[in-house]
Amino acid sequence: TDKEKLTWKDRFPAYLTNFVGIIFMVGLTFAIVFGVIIYRISTAAALAISSTPSGRSSVRVTVTATAVIINLVVIIILDEVYGCIARWLTQIEVPKTDKNFEERLIFKAFLLKFVNAYTPIFYVAFFKGRFVGRPGDYVYIFHSFRMEECAPGGCLMELCIQLSIIMLGKQLIQNNLFEIGIPKMKKFIRYMKLKRRRSLDHEEHMKKKQRYEVDYNLEPFAGLTPEYMEMIIQFGFVTLFVASFPLAPLFALLNNIIEIRLDAKKFVTELRRPVAVRAKDIGIWYNILRGIGKLAVIINAFVISFTSDFIPRLVYLYMYSENGTMHGFVNHTLSSFNVSDFQAGTAPNDPMDLGYEVQICRYKDYREPPWSENKYDISKDFWAVLAARLAFVIVFQNLVMFMSDFVDWIIPDIPKDISQQIHKEKVLMVEVFMREEQGKLQMLETWKDKDKKKGENCNNHSPRLSRSHSGSLSSCHSYPLDV
């Protein structure tokens with residue numbers, strides 16, 4: 001009967017479990033992505049060695065497609081697992097209110113699903129091909145697997161392929177097929193269980209069922225959190241890497257058109273009737289949307305400046321081009337390497353593979369040539385391109401932020417006609433209150449006038465009448481006054 005307040009000592013084990021659990025699951029996601037990287041490296045090496053010359057040209061496409069499909073399957077499986085774990089972690093915290101419980105659950109589930117869905121894409125966008133080393137000094141994993149590089153044209157096309165497959169596959173399988181298939185399967189299982197229970201009572205089985213008995217076979221309504229989560233993750237796919245996949249908004253629009261009808265069918269035929277609950281706004285989802293919107297500006301700036309060749313092309317056009325064209329750009333981005341500088345055991349097995357002996361080979365990087373004093377060091381061109389890239393990030397971010405704030409300031413939060421209606425309602429309410437106050441004042445003045453008249457009548461009585469009718473005299477001012 002007494003209310004017990006949980007102290008920090010009571011909540012500390014739950015908070016520690018939450019922290020350790022979230023760190024472990026984020027680490028698990030990183031480990032899976034690292035495992036896929038190892039798969040890509042080993043499979044590319046195996047196919048390059050064992051395949052025919054015609055098959056070697058398609059090694060990169062094969063490895064990329066299979067790795068993306070593996071990532072998609074892992075993302076779909078971990079999404080369901082992380083949703084259950086986030087609910088359990090929130091329950092052991094014992095939040096005070098339902099609203100607090102829902103906000104904590106949403107934050108944990110979004111954090112885990114965000115890392116799960118976008119980690120492979122972040123790797124391709126910002127980390128792949130950045131730590132490969134150079135000829136003669138490559139970076140190896142487990143002393144035998146060399147870090148994978150981007151295609152000669154850069155990682156932007158591979159990022160587009162990865163983003164499109166993950167986004168479309170996640171929407172088609174998880175958001176559409178699972179939303180209809182899983183409730184139907186649970187409905188069928190619940191129906192079979194009820195049929196087994198009622199098979200013993202033949203009369204009960206043959207009796208016509210009421211509407212609520214039929215609806216009991218439907219799946220219970222689990223809230224709008226899964227629906228919001230789908231839209232938030234889709235919003236991230238559309239905004240975070242839209243510079244690499246411009247068709248993402250179009251595919252999201254088509255998916256949402258289908259999603260509306262599927263959700264309508266699910267809510268009407270597959271789910272029990274939800275209990276209506278009044279809500280002031282969308283809660284913590286608004287803050288998540290604002291955060292993704294701000295993060296999208298920064299990520300797209302880095303994708304344009306670091307993943308694509310947009311900035312190196314501009315730098316070459318305005319700083320190094322002799323005739324103001326892009327002629328010679330590819331040669332400018334290639335560095336030279338002397339094959340005699342290969343470490344022991346890393347040189348090609350057959351130096352005459354091309355039919356002639358190669359002395360100097362070219363590779364994509366900004367480094368000093370082998371005949372320089374500081375050979376194979378980072379060149380000045382690299383620092384010039386890096387400075388231009390960082391400057392573009394700063395300018396792009398501030399410009400887009402200013403434009404978004406300016407548009408937000410121009411477009412009012414409440415439309416003009418609605419604000420006018422609200423103003424009219426306030427004016428009418430003030431008029432109603434004024435009329436009520438005037439009515440109260442008139443009633444008070446009326447009662448005061450009556451009180452004065454009765455007082456004068458009482459004072460006009462004779463003393464004998466006043467003494468003989470003391471009860472009546474005292475009652476002259478005893479009437480109730482209710483306003």
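1. Start with the loop between β6 (360-364) and α13 (380-410), where you will find Y376. Its phi is positive, at about 65 degrees, although Y376 is not a glycine. Most residues other than glycine have a negative phi. Y376 is also buried, because its relative accessible area of 5% is under the 20% cut-off. Please keep in mind that this is a predicted model.

2. How exposed is V94? At 42% relative accessibility, V94 counts as partly exposed.

3. Next, the record. An unreviewed UniProt entry carries the annotation "transmembrane region" for residues 12-41, 61-85, 105-126 and 231-254. In the model, residues 61-85 are 100% helix and 0% strand, and the C-alpha atoms at the ends of this span lie 36 Å apart.

4. Finally, have a look at the surface. Which residues form a nonpolar patch there? They are L172, L177, F178, I182, M185, F188, I189 and Y191, with about 750 Å² of accessible area together. One of them, L172, sits in helix α5 (residues 156-198). L172 counts as exposed, because its relative accessibility of 51% is over the 50% cut-off.

Definitions and conventions. Residues are numbered from 1 along each chain as its sequence is written. This is a predicted model: local features need pLDDT of at least 70, side-chain atom pairs count only at pLDDT 80 or more; totals for chains, interfaces and linings use all residues. Side-chain values use heavy atoms; hydrogens and water are left out. Buried means under 20% relative accessible area, exposed over 50%, partly exposed in between (1.4 Å probe, protein chains only). Helices (H or I, at least four residues) and strands (E, at least two) are DSSP runs, numbered from the N terminus. UniProt positions are given in the numbering used here, feature names are shortened, and annotations may be inferred rather than shown by experiment. Patches are made of residues with over 30% relative accessible area and no salt bridge: like charges are joined within 9 Å, nonpolar side chains (Val, Leu, Ile, Met, Phe, Trp, Tyr) within 5 Å. Accessible areas come from the Shrake-Rupley method with a 1.4 Å probe; for residues, only the protein chains shown count as cover. A salt bridge is a side-chain nitrogen of Lys or Arg within 4 Å of a carboxyl oxygen of Asp or Glu.
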